[in-house]
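Welcome, and thanks for taking a look at this one with me. Please have the sequence and the 3D view open as you read.

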Amino acid sequence: MTYPWELHAAALVQLLPVVGGLLHIRGLPTARRWFILWCLLSAIADVAYLIFGQVTGQNLWLRLVTEPVRAAVLFWVLSLWQLSPHSRRLMRQAIVILIPAVLVIGLLWEGSLSFGDKTGPIVQLALLAASVYTLVSRSVASSDRLTREDWFWITLGLSLYFALGVALGPVAMALLQGNTEFLKQVLLFKARADILAFVLMTIGMLCPLPRSLSLKPT
Amino acid sequence: MSASPLFVTEAYIASGLALGLLVFALGAALAIYQRRTLGLRQQLDDCRRQLGAGPADG
């Protein structure tokens, strides 16, 4: 089975923020380091999906492993960008509450042969809300130009990524029953949007390091 | 009754485009708002400085 180039590009572009971060790895703020980990996990997950898809023909079960781990890392990243202790605690509590709940629902209700039509929207919606909240709350409180802030570009990219990801699971499951050509169109559209989202996140990784943060990571 | 695959696909793509535009509009609005706020803050600082320096100059 051959995959369209957009899907390969969408998988590879996840490494762009990693390359951007490695350009000035010394003194990189903690949030950006954790974000690099999230990008690496996303790329590794895609490689694993590809390998299991080619070898066994079945890779949907991998979602039960990769999605909770990726979500937990991203909640942690977003918690590091919070200004108030309350919202930081809230993001971290989401890891403790949401991830086990999603795992239980995924294992008991959804099964391993699903696109995540039930758990996917829950996690993606929570991450979309967390990304948009971080984007708006930090923007309003910022005293520097937003285009120089890493969190601005990264949360903007994440908002785009999750806005389109929320409905992907149910839509994919609905289309899987019928003509898979339509499913391919949906996945290609999402892949193109993901490329754009990761380009935005890479701009964030290339932002100049704040002087106070480069000396003392958050 | 279930929706046709074509409808589901087109609805996903149309809503995806709309949400994407919304995200960009949000980012642009925040950047413009922030720029204006910074400009106003700068003007306020200048006014304060002038007022503070006024008696000493006069």
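1. A word before we start: what you see is a predicted model. Local features are described here where pLDDT is at least 70.

2. Let us begin with helix 4 of chain A, residues 63-80, and helix 5 of chain A, residues 85-110. Their axes come within 8 Å and cross at roughly 170°. Angles over 145 degrees count as roughly antiparallel, so helix 4 of chain A is roughly antiparallel to helix 5 of chain A. On the helix 4 side, the contact includes A:L64, A:P68, A:F75 and A:W76; on the helix 5 side, A:R88, A:M91, A:R92 and A:I95 are among the residues taking part. By class, the contact of helix 4 of chain A with helix 5 of chain A divides into 14 nonpolar, two polar and two charged residues.

3. While you are in helix 5 of chain A, find A:L103, which lies in this helix. A:L103 is also one of the residues in the contact with helix 4 of chain A. Is A:L103 buried, exposed or partly exposed? A:L103 counts as partly exposed because it has 15 C-beta neighbours inside 10 Å, while a buried residue needs 20 or more. For a sense of scale, A:L103 and A:A31 are 72 residues apart in sequence and 25 Å apart in space, C-alpha to C-alpha.

4. Next, turn to helix 6 of chain A (residues 119-141) and helix 7 of chain A (residues 150-165). This pair packs at an angle of about 150°, with axes 8 Å apart. Helix 6 of chain A and helix 7 of chain A are therefore roughly antiparallel to each other, and helix 6 of chain A passes helix 7 of chain A in a left-handed crossing. The contact of helix 6 of chain A with helix 7 of chain A has ten nonpolar, seven polar and one charged residues. Among them are A:L127, A:L128 and A:R138 in helix 6 of chain A, together with A:W151, A:F152 and A:F162 in helix 7 of chain A.

5. How do helix 2 and helix 9 of chain A run relative to each other? The axes of helix 2 of chain A (residues 16-23) and helix 9 of chain A come within 8 Å and cross at roughly 10°. That makes helix 2 of chain A roughly parallel to helix 9 of chain A. A:L16, A:P17, A:G20 and A:G21 of helix 2 meet A:F198, A:V199, A:M201, A:T202 and A:M205 of helix 9. These residues divide into six nonpolar, three polar and no charged.

6. Chain B has 58 residues, of which buried residues make up 14%, and it contains one helix and zero strands. Its contact with chain A takes 21 residues from chain A and 14 residues from chain B. On the chain A side, helix 6, helix 7, helix 8 (168-176) and helix 9 (180-205) each supply at least two residues. That side has 14 nonpolar, seven polar and no charged residues.

7. Finally, look at the largest nonpolar core, which has 56 residues. A:L127, A:L160, A:V171, A:L175 and A:V186 touch the most other members. Helix 7 of chain A gives the largest share of this core, eleven residues. Leaving aside neighbours within four places in sequence, A:V186 is in contact with A:V171, A:A172 and A:L175, and also with B:T9 and B:Y12.

How values were computed:
Residues are numbered from 1 along each chain as its sequence is written. Chains are lettered from A and ligands numbered from 1 in the order in which they are written. This is a predicted model: local features need pLDDT of at least 70, side-chain atom pairs count only at pLDDT 80 or more; totals for chains, interfaces and linings use all residues. Axes are lines fitted to C-alpha atoms, for helices over the stretch in contact, and angles run from 0 to 180 degrees between N-to-C directions. Helices (H or I, at least four residues) and strands (E, at least two) are DSSP runs, numbered from the N terminus. Angles under 35 degrees count as roughly parallel, over 145 as roughly antiparallel, 65 to 115 as roughly perpendicular and the rest as oblique. A crossing is left-handed if the near helix is turned anticlockwise from the far one by less than a right angle, and right-handed if clockwise. Two residues are in contact if their C-beta atoms, placed from the backbone, lie within 7 Å. Ala, Val, Leu, Ile, Met, Phe, Trp, Tyr, Cys and Pro count as nonpolar, Asp, Glu, Lys and Arg as charged, and the others, Gly among them, as polar. A residue is buried if 20 or more other C-beta atoms lie within 10 Å of its own, exposed if 12 or fewer, and partly exposed in between; C-beta atoms are placed from the backbone. A nonpolar core is a set of buried Ala, Val, Leu, Ile, Met, Phe, Trp, Tyr and Cys residues joined through C-beta atoms within 7 Å.
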